[in-house]
Amino acid sequence: MRSMSHSPSSLSRRTFLTATGAIGAVALTACSELTPGASSSDKSSTGPFSTAVPADKITLVVADADDTTMTPGLLDAFREQHPNITVKRQYTGWDDYLKSINTTMSADTAPDIAQFTSGMQNLVPGRLLLKVGEYGKAYGWATKFPGLDQITLTPDGKTVGTGDLYGVGAGLSFEGVYYNKAKANELGLTTPPATLADLEALFAKARAAGETALVAGNLDGGLNHPFNVLLSAYLTPKDREAWAFGHRSATIVLPEAKTAAETLLRWVDKGYVTPKVNGVSDNDATAAFAKGEGVFRISGNWAAAAVAKGLGDRAGYFNMPPVTAGGKVRTTGAGVYYCVSSKSKNAAAAAAFLDFAASARAAAVTAKAGFMAPDAGAMPSQTGLLGDVQSGWETIVKDAGLQPFIQNSSTPTMGDTLTTQLQLLVGGKVTPEKFLAGLQSDFENYHK
Amino acid sequence: MTTADRRLTAEPARALAAPRPTKPGPDRAGRGGRRTARSGRRRRRTVALLYLLPALLPYTLFSVLPLLHTAYLSFFDWDGVTLPSFVGLDNYGRIGSDPQLRAAAWHAGALILFFSVLPICVGLVAAALVSRRAGRRGTGLVRTVLFLPQVIPLVAVGILWRWVYAEDGILNQALRAVGLGGLADAWLGSFTWALPAVGLIGTWVVSGLCMVLFLSGTQRIDQEIYEAARMDGAGPVREFWSITVPLLRPEFAVALSITVIAALSSFDLIYITTGGGPGNSTVVPGILIYRLAFGGGAVGVASALAIVLTAVISVAVLVINRLSREAP
């Protein structure tokens with residue numbers, strides 16, 4: 001009893017205040033480390049750039065937003081080859097990954113390897129990404145990986161395609177046209193169409209037969225898929241890349257881009273596209289198409305598995321046709337790119353994983369997940385829808401027709417801006433001219 | 001007044017205010033005997049501070065310091081990664097001139113209708129009905145059902161209502177079933193209806209909370225007042241307007257404060273259902289702060305916006321409390 005009554009008074013008010021003050025001070029110091037001014041040293045590829053994989057027990061942490069079986073499959077296969085390396089995967093859903101990866105990579109506990117996404121270009125001037133060019137030379141990545149320009153950045157991180165190499169693309173994705181074969185046969189549609197105009201004629205026929213011609217959802221901006229491939233078809237590759245890669249003084253206010261926007265708007269206005277498209281999410285559109293709704297759907301090869309599962313033998317695929325018959329096939333695509341943290345203590349092992357992604361072993365895993373492997377020859381041949389997609393890919397590689405998504409590296413905010421502007425465009429709130437001007441103003445805010 | 005005087009006047013007052021413990025406890029053992037009242041008071045103050053510590057410490061660490069930190073960040077141009085540059089009040093200037101932000105402020109204001117006015121009306125009527133039927137069968141169930149939305153995480157609520165509002169969702173199915181299929185719309189994708197649609201989700205969530213607040217208030221009201229009113233021939237409606245509503249003033253203040261905060265700082269519901277779309281028709285300050293800070297790499301502007309939002313909400317709550325304190 002007595003000791004109980006005694007103890008509070010033995011802790012005097014001064015002690016109490018000192019203690020609170022001390023805790024507060026510690027908290028403030030901790031904060032000031034987080035405040036602007038976080039310094040980071042330029043730690044670009046230090047040490048020997050050999051292709052030797054460390055033999056001691058180490059741990060690699062991999063952060064990604066890959067919802068297919070590719071990344072986990074590659075990690076499993078890599079683990080089997082290197083039993084001394086413990087690989088830990090940190091998976092985050094796509095939207096949350098986009099918003100959180102920059103803070104994750106800035107932390108002292110940054111993962112060794114991370115999937116590179118749009119917005120991460122800010123990490124380059126912050127020197128939080130490892131320049132892997134020297135490893136690339138040692139491993140010979142230039143001949144192993146296609147599309148390395150998409151992860152080559154200038155020191156300010158604002159321009160893509162020139163500068164230093166920051167990673168590799170393990171699985172590549174691209175967009176094309178899925179269609180419901182059974183319905184196409186029923187409606188007497190001749191596929192694949194030779195030109196964009198032919199495709200639009202098929203849409204008109206499907207619409208006349210009472211079908212939804214093009215299944216789409218724009219609640220979260222899913223119309224960017226048709227718009228991106230239309231831009232690929234109409235714009236010159238030079239204009240397209242200059243803008244998508246954020247080259248200073250590039251513009252999207254071009255007659256060809258206006259044609260692309262007008263085409264998309266016409267498809268909506270003529271009733272080819274899913275009605276009330278602004279109220280349908282992109283995932284729901286894929287699900288509806290896989291359940292047998294509508295005739296066509298423009299989406300990426302990541303949707304192949306879901307479409308094949310839903311439609312079975314009725315699922316078909318063809319590449320987005322060019323503007324003029326016999327022209328080169330151009331489409332929009334990206335890839336699952338892996339980059340390495342400049343804070344990684346196991347850069348050599350991380351580089352070994354990047355190199356592993358180009359192996360024949362990896363190609364099997366990548367192909368199974370529905371992606372195109374860097375080593376196209378090593379991909380097992382597939383039948384059905386996945387086979388159609390794969391042969392479509394071969395044409396695109398032959399025509400060198402893979403172009404970047406305009407929202408991925410033009411500016412960090414372009415994803416949101418494109419979604420907003422597409423909703424305004426198809427909702428009849430802005431003209432194609434104002435739509436393009438809206439995109440351009442975001443571009444100029446960032447690249448001023 | 002000297003400390004000695006204060007001691008003299010303070011002791012009896014305290015004796016009146018707090019009944020002394022009937023059995024000797026630790027507190028009592030310390031107070032009697034050798035210790036002076038002065039050291040006792042100091043000790044009690046220390047004890048009081050100690051009791052505050054578990055709440056004060058996390059509050060300081062996780063609310064006060066981050067708020068100060070945000071205010072500090074709002075003076076910098078910072079992308080969250082590289083070195084920042086001090087820009088003074090520029091970020092605040094940028095907020096003032098942003099047309100998107102004006103739209104967001106307007107939408108947040110409109111949400112007050114759905115998050116505050118409607119739920120308070122619904123809650124009040126529900127409370128009046130439930131309290132009049134107190135004890136009868138089914139009132140417990142009604143109370144539970146109305147309060148249930150408050151228990152569901154807002155993210156789940158958002159997903160649920162996305163299905164309700166979908167093109168082939170329950171709402172449109174119901175409209176078609178009663179022959180009003182012409183009215184059916186993809187509600188969340190409509191420039192006209194998206195904001196009211198999202199707002200009504202808020203009404204659905206908050207009404208139950210308001211009802212419970214008002215119910216507890218009606219239990220506080222002396223039944224004799226109602227009996228007297230009935231003697232004078234007042235019906236249920238008259239009772240409601242002349243007794244229940246005026247006497248629930250403190251509950252109104254609480255309900256209004258909570259719901260106005262919810263309206264102005266809304267984020268999760270809108271993020272899940274529309275993400276601010278279509279176009280910018282449901283953009284609110286919370287969505288803009290999130291976009292700017294995490295996607296757009298404009299941490300300084302986002303912080304400035306957050307500080308302004310906090311200030312606006314604080315002023316709104318102060319005004320509500322000041323008004324509610326005045327006598328009817």
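A:Cys339 counts as buried because its relative accessibility is 0%; buried means under 20% relative accessible area, exposed over 50% and partly exposed in between, with a 1.4 Å probe and protein chains only. This is a predicted model, so local features need pLDDT of at least 70 and side-chain atom pairs pLDDT 80 or more, while totals for chains, interfaces and linings use all residues. Residues are numbered from 1 along each chain as its sequence is written, chains are lettered from A in the order in which they are written, and side-chain values use heavy atoms, leaving out hydrogens and water.

Now for the rings. Over all chains, the structure has 29 aromatic pairs; rings of Phe, Tyr and Trp (its six-membered ring) pair if their centres lie within 6.5 Å, with planes under 30 degrees apart stacked, over 60 edge-to-face and the rest tilted. One of them is the tilted pair of B:Phe214 and B:Phe252, at 5.1 Å centre to centre and 55° between the planes. B:Phe214 lies in helix α9 (residues 194–220) of chain B and B:Phe252 in helix α12 (residues 249–264) of chain B, so the pair ties together parts 38 residues apart in sequence. B:Phe214 is buried at 0%, whereas B:Phe252 is partly exposed at 22% relative accessible area.

Over in chain A, ring pairs link A:Tyr179, A:Phe203, A:Trp267, A:Tyr272, A:Phe296 and A:Phe318 into a cluster.

Definitions and conventions:
Helix = DSSP H or I, 4+ residues; strand = E, 2+ residues; numbered from the N terminus.
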